[in-house]
Amino acid sequence: MAKKKGGKGKKGGKKGGNEKKGAKVFKTKCSQCHTVEEGGAHKQGPNLHGFYGRQSGKSEGYSYSSANKKSGVLWAEDTLDPYLENPKKYMKGTKMVFAGIKKPAERKDLIAYLKKSCEA
């Protein structure tokens, strides 16, 4: 049997990320440009409340790049993971100036946090 990369120890059966760890990732890597609360302000990036499960470029009152508006991406775990790894590669022409999160576990944790905290 092949050995899996990056074992998860005692919590190995859990597929999703850790929301608490994801909140820390958001605070250190995302909160400078984004808010998550309902009615939160747009900053350099849009408020993310309600974005999960929605098509990209649809947050009212934010000026998205044409690449983002035309991408047709539906935000879910399978689209967020590659986007968060390398935004400019995933969505050529995006104005998001974030280099990305290279560690898969950090991305999983962040996605778990975003999914919970950005529910509409």
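## Contacts and overall build

Two residues are in contact when they have heavy atoms within 4.5 Å. In this predicted model, residues 24 or more positions apart account for 42% of the contacts with a separation of 6 or more.

The chain has five helices and zero strands. Its pattern along the sequence is α-α-α-α-α. Of its 120 residues, 36% count as buried.

## The nonpolar core

In soluble globular proteins, nonpolar side chains tend to be buried together. Here, the largest nonpolar core has 18 residues. Those with the most contacts inside this core are Phe 26, Val 36, Leu 48, Phe 51, Trp 75, Leu 110 and Leu 114.

Three helices, α1, α3 and α5, are the elements that give two or more residues to this core. Helix α5 gives the most, with four residues.

Leaving aside neighbours within four places in sequence, Phe 26 is in contact with Ser 31, His 34, Thr 35, Val 36, Leu 48, Leu 110, Tyr 113 and Leu 114.

## Aromatic pairs

The chain has five aromatic pairs. One of them joins Phe 26 and Tyr 113. Their ring centres are 5.5 Å apart and their planes stand at 45 degrees, so the pair is tilted. This pair links distant parts of the chain, with Phe 26 in helix α1 and Tyr 113 in helix α5, 87 residues apart. Phe 26 and Tyr 113 are both buried.

Tyr 62 and Tyr 64 also pair, with ring centres 4.8 Å apart. Their planes are at 75 degrees, so this pair is edge-to-face. Tyr 62 and Tyr 64 are each buried. Elsewhere, one aromatic cluster is formed by Trp 75, Tyr 83 and Tyr 90.

## Tyr 113 in helix α5

Tyr 113 lies in helix α5. It counts as buried because its relative accessibility is 17%, and buried means under 20%.

Along the chain, Tyr 113 and Glu 19 are 94 residues apart, yet their C-alpha atoms are separated by 4.3 Å. Tyr 113 touches Glu 19, Gly 22, Ala 23, Phe 26 and Val 36, not counting residues up to four places away in sequence.

## Thr 94 in a loop

Thr 94 sits in the loop between α4 (87–90) and α5. Is Thr 94 buried or exposed? At 8% relative accessibility, Thr 94 counts as buried.

Ser 65 is 29 residues from Thr 94 in sequence, with a C-alpha to C-alpha distance of 5.9 Å. Leaving aside neighbours within four places in sequence, the contacts of Thr 94 are Ser 65, Ala 67, Asn 68, Tyr 83, Pro 87 and Lys 88.

## The largest pocket

How much space lies in the largest pocket? The value is about 590 Å³. The pocket is lined by 33 residues. Closest to its centre are His 34, Pro 46, Leu 48, Tyr 83 and Met 96. The elements that give two or more residues to the lining are α1 (19–29), α3 (77–85) and α5 (104–117).

By type, the lining divides into 17 nonpolar, twelve polar and four charged residues. Two residues named earlier return here. Leu 48, among those closest to the pocket centre, is also among the residues with the most contacts inside the largest nonpolar core.

How values were computed: Residues are numbered from 1 along each chain as its sequence is written. This is a predicted model: local features need pLDDT of at least 70, side-chain atom pairs count only at pLDDT 80 or more; totals for chains, interfaces and linings use all residues. Side-chain values use heavy atoms; hydrogens and water are left out. On a 1 Å grid over the protein atoms alone, a cavity is a set of points where a 1.4 Å probe fits but cannot get out, and a pocket is an open set with protein on both sides within 12 Å along at least five of seven lines; lining residues have an atom within 4 Å of a point. Grid points are joined across faces, edges and corners, and a volume is the space filled by probe spheres set on the points. Ala, Val, Leu, Ile, Met, Phe, Trp, Tyr, Cys and Pro count as nonpolar, Asp, Glu, Lys and Arg as charged, and the others, Gly among them, as polar. A nonpolar core is a set of buried Ala, Val, Leu, Ile, Met, Phe, Trp, Tyr and Cys residues joined through side-chain atoms within 4.5 Å. Buried means under 20% relative accessible area, exposed over 50%, partly exposed in between (1.4 Å probe, protein chains only). Rings of Phe, Tyr and Trp (its six-membered ring) pair if their centres lie within 6.5 Å; planes under 30 degrees apart count as stacked, over 60 as edge-to-face and the rest as tilted.
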